[in-house]
Amino acid sequence: MANLSISAPCNPQVVHALHQMLKVFGNVSQVEQHLNKRPGVLFNEINPNQTSHKLGLFDTIQMMQLTGDVGPLRAIACELNYSIYFLGDYRSVSDLELLNCYSTLHAEIGDMNRAISEALEDGDIEQHEFERIERELQEVFAAALELLERLRSLVKA
């Protein structure tokens, strides 16, 4: 069970991702207007030393939608030892695209199996071999999730 008694919520990766999102977007006043916030309030909400202001989840979602930057979501996932994958919009998927996606999944599985096999040839797994296996496995996950979403788009309501 997770420890829910956290004294001071300071998640530096999340704070950095929020600041980076605003910096790259470049128009903080537009974000504040979009969220119906007074000038300066947004930076107070992001500031971990400011105890009277806190950025809400729904405001964060609106910010990510407006800016197109999911860095804060990725940072939150990382803080909780998770990762995220982009699933895409596959509402109009063709048979050829579906077959290609299925083939890509199996090609990625093959790449992962090859990396494992090559790493185990000498009986030891070196750090760089493990990192390759991890990368290949992440590509398998991404391909599998893409196939799942493409199939989900074909489900009749």
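**Nonpolar patch, cores and a ring pair**

Author: Leu-57, Phe-58 and Ile-61 make a nonpolar surface patch of about 330 Å². Patch residues have over 30% relative accessible area and no salt bridge, and nonpolar side chains (Val, Leu, Ile, Met, Phe, Trp, Tyr) are joined within 5 Å. Areas come from the Shrake-Rupley method with a 1.4 Å probe, with only the protein chains shown as cover for residues. A salt bridge is a side-chain nitrogen of Lys or Arg within 4 Å of a carboxyl oxygen of Asp or Glu.

Reader: What is the model's origin?

Author: This is a predicted model, where local features need pLDDT of at least 70, side-chain atom pairs count only at pLDDT 80 or more, and totals for chains, interfaces and linings use all residues. Residues are numbered from 1 along each chain as its sequence is written, and side-chain values use heavy atoms, leaving out hydrogens and water.

Reader: Where is Ile-61 found?

Author: In helix H4, residues 57-67 (helices are DSSP runs of H or I, at least four residues, numbered from the N terminus).

Reader: Switching topic: how many residues has the largest nonpolar core?

Author: It has 14. Such a core is a set of buried (under 20% relative accessible area) Ala, Val, Leu, Ile, Met, Phe, Trp, Tyr and Cys residues joined through side-chain atoms within 4.5 Å.

Reader: Which helix gives the most to this core?

Author: H1, with six residues.

Reader: Which aromatic pair is there, edge-to-face or stacked?

Author: Tyr-85 and Phe-141 have ring centres 6.5 Å apart and planes at 85°, so the pair is edge-to-face. Rings of Phe, Tyr and Trp (its six-membered ring) pair with centres within 6.5 Å; planes under 30 degrees apart are stacked, over 60 edge-to-face, the rest tilted.

Technical notes. Patches are made of residues with over 30% relative accessible area and no salt bridge: like charges are joined within 9 Å, nonpolar side chains (Val, Leu, Ile, Met, Phe, Trp, Tyr) within 5 Å. Helices (H or I, at least four residues) and strands (E, at least two) are DSSP runs, numbered from the N terminus. Buried means under 20% relative accessible area, exposed over 50%, partly exposed in between (1.4 Å probe, protein chains only).
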